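Hi everyone, thanks for making the time. I'd like to walk you through a strand and a pair of helices today, so let's bring the structure up on the screen.

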Amino acid sequence: MGDSSALLDLQEQAAETIVTHPPDPPPQRHLHRWIWFITGPTACGKTTVAKALAAELDFTFVEGDDFHPKANVDKMSRGEPLTDDDRAGWLQALREHETAQPPRPKPNDSSASPPPPLPHMVMTCSALKQHYRDVLRAGAVAAGDLRIGFVFLDGPEPLLATRAAVRKGHFAGPELVHSQFLALERPGDDEGDVILVGVDRALEDTQRDVTNKVKEVMMRDDGSYLALQ
(Lines give C-alpha, C1' and ligand atoms only; values in the text may rest on other atoms or scores of the structure.)
Protein backbone atom coordinates (compact mmCIF):
# COMPACT_ATOMS: atom_id res chain seq x y z
CA MET A 1 0.00 0.00 0.00
CA GLY A 2 1.26 3.52 -0.73
CA ASP A 3 1.42 6.37 1.68
CA SER A 4 -1.92 7.90 2.64
CA SER A 5 -2.94 11.29 1.32
CA ALA A 6 -2.85 12.71 4.84
CA LEU A 7 0.70 11.57 5.41
CA LEU A 8 1.74 12.68 1.93
CA ASP A 9 0.44 16.16 2.78
CA LEU A 10 2.58 16.16 5.92
CA GLN A 11 5.62 14.97 3.94
CA GLU A 12 5.14 17.69 1.33
CA GLN A 13 4.78 20.35 4.03
CA ALA A 14 7.92 19.06 5.75
CA ALA A 15 9.91 19.08 2.51
CA GLU A 16 8.72 22.59 1.64
CA THR A 17 9.57 23.87 5.12
CA ILE A 18 13.06 22.42 5.00
CA VAL A 19 13.74 23.75 1.49
CA THR A 20 12.25 27.23 1.88
CA HIS A 21 13.37 27.80 5.47
CA PRO A 22 16.82 26.25 5.78
CA PRO A 23 18.24 26.42 9.31
CA ASP A 24 20.47 29.42 9.97
CA PRO A 25 24.05 28.77 11.04
CA PRO A 26 24.02 28.52 14.83
CA PRO A 27 24.89 31.95 16.24
CA GLN A 28 27.34 32.34 19.07
CA ARG A 29 25.75 31.38 22.38
CA HIS A 30 22.23 31.83 21.00
CA LEU A 31 19.91 30.19 23.50
CA HIS A 32 17.65 27.58 22.01
CA ARG A 33 15.50 24.74 23.22
CA TRP A 34 16.32 21.07 22.77
CA ILE A 35 13.88 18.25 22.16
CA TRP A 36 15.14 14.68 22.10
CA PHE A 37 12.90 12.04 20.55
CA ILE A 38 13.50 8.55 21.94
CA THR A 39 12.46 6.27 19.10
CA GLY A 40 12.25 2.65 18.02
CA PRO A 41 9.77 -0.24 17.79
CA THR A 42 7.40 -1.16 20.57
CA ALA A 43 9.00 -2.79 23.64
CA CYS A 44 12.47 -1.36 22.92
CA GLY A 45 12.28 0.60 26.19
CA LYS A 46 11.45 4.09 24.92
CA THR A 47 9.51 5.27 27.97
CA THR A 48 11.96 3.89 30.53
CA VAL A 49 14.99 5.33 28.75
CA ALA A 50 13.27 8.66 28.07
CA LYS A 51 12.24 9.11 31.70
CA ALA A 52 15.78 8.33 32.87
CA LEU A 53 17.27 10.82 30.39
CA ALA A 54 14.78 13.53 31.33
CA ALA A 55 15.50 13.01 35.03
CA GLU A 56 19.26 13.09 34.50
CA LEU A 57 19.12 16.32 32.45
CA ASP A 58 16.21 17.93 34.33
CA PHE A 59 14.22 18.11 31.09
CA THR A 60 10.45 17.74 30.75
CA PHE A 61 9.32 14.21 29.86
CA VAL A 62 6.50 13.84 27.31
CA GLU A 63 4.92 10.47 26.49
CA GLY A 64 4.22 10.45 22.77
CA ASP A 65 1.63 7.67 23.06
CA ASP A 66 -0.59 10.11 24.96
CA PHE A 67 -1.12 11.99 21.69
CA HIS A 68 -2.65 9.00 19.90
CA PRO A 69 -6.40 9.36 19.30
CA LYS A 70 -8.56 6.75 20.98
CA ALA A 71 -9.15 5.00 17.66
CA ASN A 72 -5.42 4.34 17.32
CA VAL A 73 -5.13 3.02 20.87
CA ASP A 74 -8.17 0.76 20.36
CA LYS A 75 -6.71 -0.56 17.13
CA MET A 76 -3.34 -1.38 18.69
CA SER A 77 -5.05 -2.95 21.70
CA ARG A 78 -6.68 -5.38 19.28
CA GLY A 79 -3.27 -6.23 17.85
CA GLU A 80 -3.91 -4.35 14.58
CA PRO A 81 -0.97 -2.38 13.16
CA LEU A 82 -1.43 1.30 12.44
CA THR A 83 -1.36 2.58 8.87
CA ASP A 84 0.35 5.71 7.59
CA ASP A 85 -3.05 7.38 7.63
CA ASP A 86 -3.53 6.45 11.30
CA ARG A 87 -0.15 7.91 12.18
CA ALA A 88 -0.52 11.15 10.20
CA GLY A 89 -2.73 12.90 12.75
CA TRP A 90 -0.56 11.63 15.61
CA LEU A 91 2.62 12.99 14.03
CA GLN A 92 0.89 16.30 13.37
CA ALA A 93 -0.13 16.51 17.03
CA LEU A 94 3.44 15.80 18.15
CA ARG A 95 4.81 18.41 15.77
CA GLU A 96 2.35 21.00 17.05
CA HIS A 97 3.32 20.24 20.64
CA GLU A 98 6.98 20.45 19.69
CA THR A 99 6.52 24.03 18.44
CA ALA A 100 3.91 25.20 20.96
CA GLN A 101 6.42 27.32 22.86
CA PRO A 102 6.87 30.88 21.50
CA PRO A 103 10.26 31.64 19.91
CA ARG A 104 12.75 33.59 21.99
CA PRO A 105 13.57 37.14 20.84
CA LYS A 106 16.65 37.54 18.69
CA PRO A 107 19.75 38.74 20.56
CA ASN A 108 19.68 42.11 18.70
CA ASP A 109 16.03 42.77 19.54
CA SER A 110 16.56 45.11 22.49
CA SER A 111 12.92 46.20 22.55
CA ALA A 112 11.64 42.80 23.54
CA SER A 113 11.60 41.57 27.09
CA PRO A 114 12.92 38.00 27.19
CA PRO A 115 10.27 35.45 28.10
CA PRO A 116 10.80 32.93 30.85
CA PRO A 117 13.28 30.18 30.00
CA LEU A 118 11.79 27.66 27.64
CA PRO A 119 11.75 24.03 28.76
CA HIS A 120 13.77 21.38 27.04
CA MET A 121 11.91 18.13 26.44
CA VAL A 122 12.44 14.42 26.00
CA MET A 123 9.60 12.87 23.98
CA THR A 124 8.87 9.27 23.06
CA CYS A 125 7.81 8.48 19.51
CA SER A 126 8.32 5.28 17.54
CA ALA A 127 9.21 7.32 14.40
CA LEU A 128 9.60 4.09 12.47
CA LYS A 129 10.14 5.63 9.03
CA GLN A 130 12.43 8.37 7.79
CA HIS A 131 9.59 10.51 6.51
CA TYR A 132 7.97 10.34 9.98
CA ARG A 133 11.21 11.74 11.38
CA ASP A 134 11.23 14.37 8.64
CA VAL A 135 7.81 15.59 9.79
CA LEU A 136 9.24 16.17 13.27
CA ARG A 137 12.39 17.80 11.84
CA ALA A 138 10.24 20.29 9.93
CA GLY A 139 8.74 21.52 13.19
CA ALA A 140 12.19 22.41 14.47
CA VAL A 141 13.09 24.25 11.26
CA ALA A 142 9.89 26.29 11.43
CA ALA A 143 10.41 27.18 15.10
CA GLY A 144 13.86 28.63 14.51
CA ASP A 145 15.01 28.51 18.13
CA LEU A 146 14.68 24.75 18.43
CA ARG A 147 17.15 21.91 18.05
CA ILE A 148 15.96 18.32 17.91
CA GLY A 149 17.78 15.02 18.00
CA PHE A 150 16.73 11.40 17.81
CA VAL A 151 17.86 8.39 19.80
CA PHE A 152 17.00 5.15 18.01
CA LEU A 153 16.83 2.20 20.39
CA ASP A 154 17.92 -0.78 18.33
CA GLY A 155 17.29 -4.40 19.26
CA PRO A 156 16.53 -7.70 17.53
CA GLU A 157 12.91 -8.60 16.89
CA PRO A 158 12.86 -11.79 19.05
CA LEU A 159 14.13 -9.83 22.06
CA LEU A 160 11.49 -7.13 21.71
CA ALA A 161 8.73 -9.70 21.16
CA THR A 162 9.74 -11.39 24.42
CA ARG A 163 9.74 -8.10 26.28
CA ALA A 164 6.33 -7.15 24.87
CA ALA A 165 4.90 -10.49 26.00
CA VAL A 166 5.91 -10.05 29.63
CA ARG A 167 5.28 -6.35 30.22
CA LYS A 168 2.11 -5.34 32.02
CA GLY A 169 -0.38 -2.55 31.43
CA HIS A 170 0.61 -1.53 27.89
CA PHE A 171 -1.88 -1.51 25.04
CA ALA A 172 0.68 -2.69 22.45
CA GLY A 173 1.16 -6.45 22.71
CA PRO A 174 3.76 -8.78 21.21
CA GLU A 175 1.74 -9.27 18.02
CA LEU A 176 2.55 -5.68 17.02
CA VAL A 177 6.32 -6.17 17.16
CA HIS A 178 6.54 -8.03 13.86
CA SER A 179 4.38 -5.51 11.99
CA GLN A 180 6.52 -2.66 13.28
CA PHE A 181 9.69 -4.39 12.10
CA LEU A 182 8.10 -4.79 8.66
CA ALA A 183 7.48 -1.02 8.55
CA LEU A 184 10.78 -0.06 10.19
CA GLU A 185 13.34 2.06 8.33
CA ARG A 186 16.50 2.10 10.41
CA PRO A 187 18.26 5.48 10.29
CA GLY A 188 21.11 5.56 7.80
CA ASP A 189 24.28 7.61 7.52
CA ASP A 190 22.32 10.42 5.84
CA GLU A 191 20.44 11.08 9.10
CA GLY A 192 23.18 12.74 11.08
CA ASP A 193 20.88 13.85 13.90
CA VAL A 194 20.15 10.26 14.98
CA ILE A 195 22.07 8.38 17.68
CA LEU A 196 21.80 4.58 17.48
CA VAL A 197 21.97 2.75 20.81
CA GLY A 198 21.64 -1.00 21.28
CA VAL A 199 19.21 -2.39 23.85
CA ASP A 200 20.37 -6.02 23.91
CA ARG A 201 22.15 -5.56 27.24
CA ALA A 202 21.47 -4.43 30.79
CA LEU A 203 19.01 -1.53 30.96
CA GLU A 204 21.41 0.52 33.09
CA ASP A 205 24.06 0.26 30.38
CA THR A 206 21.64 1.45 27.71
CA GLN A 207 20.51 4.39 29.85
CA ARG A 208 24.10 5.40 30.60
CA ASP A 209 25.06 5.20 26.93
CA VAL A 210 22.08 7.31 25.86
CA THR A 211 22.75 9.98 28.49
CA ASN A 212 26.45 10.25 27.65
CA LYS A 213 25.86 10.48 23.90
CA VAL A 214 23.08 13.05 24.22
CA LYS A 215 25.19 15.22 26.51
CA GLU A 216 28.09 14.99 24.07
CA VAL A 217 25.93 16.22 21.19
CA MET A 218 24.52 19.14 23.17
CA MET A 219 27.91 20.24 24.46
CA ARG A 220 29.27 20.20 20.90
CA ASP A 221 26.45 22.58 20.07
CA ASP A 222 28.32 25.01 22.39
CA GLY A 223 26.61 24.06 25.63
CA SER A 224 24.21 27.01 25.56
CA TYR A 225 21.34 24.70 26.52
CA LEU A 226 22.71 24.88 30.07
CA ALA A 227 21.66 28.53 30.27
CA LEU A 228 18.03 27.51 29.86
CA GLN A 229 18.08 25.09 32.78
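Let me start with a question: which residue in E3 does Ile38 stand opposite? It is Thr124. Please keep in mind that what you see is a predicted model.

Strand E1 covers residues 33–39, and strand E3 covers residues 121–124. The two pair in the parallel sense, over four bridges. E1 also pairs with strand E4, residues 146–154, again in the parallel sense, this time over seven bridges. If you want a landmark there, take Phe37: its bridge partner in E4 is Phe150.

So how enclosed is E1? Seven of its seven residues are buried, so the strand is largely enclosed by the rest of the structure. Both faces are covered. On one side you have Arg33, Ile35, Phe37 and Thr39, and on the other Trp34, Trp36 and Ile38, all of them buried.

On to the helices. Helix H4 runs over residues 84–98 and helix H5 over residues 130–143. Their axes come within 9 Å and cross at roughly 25°. Angles under 35 degrees count as roughly parallel, and H4 and H5 are therefore roughly parallel to each other. The crossing is right-handed.

Who makes the contact? From H4 it is Asp84, Arg87, Leu91, Leu94, Arg95 and Glu98. From H5 it is His131, Tyr132, Val135, Leu136, Ala138, Gly139 and Ala140. By type, the residues of this contact divide into seven nonpolar, two polar and four charged.

Methods
Residues numbered from 1 in each chain as written. Predicted model: local features only at pLDDT ≥ 70, side-chain atom pairs only at ≥ 80, totals over all residues. Heavy atoms only, no water. Buried < 20%, exposed > 50% of the residue type's maximum accessible area, 1.4 Å probe, protein only. Pairing = 2+ DSSP bridges. Axes fitted to C-alpha atoms, helices over the stretch in contact; angles between N-to-C directions. Parallel < 35°, antiparallel > 145°, perpendicular 65-115°, else oblique. Left-handed = near helix turned anticlockwise from the far one by under 90°. Contact = heavy atoms within 4.5 Å. Nonpolar A, V, L, I, M, F, W, Y, C, P; charged D, E, K, R; others polar.
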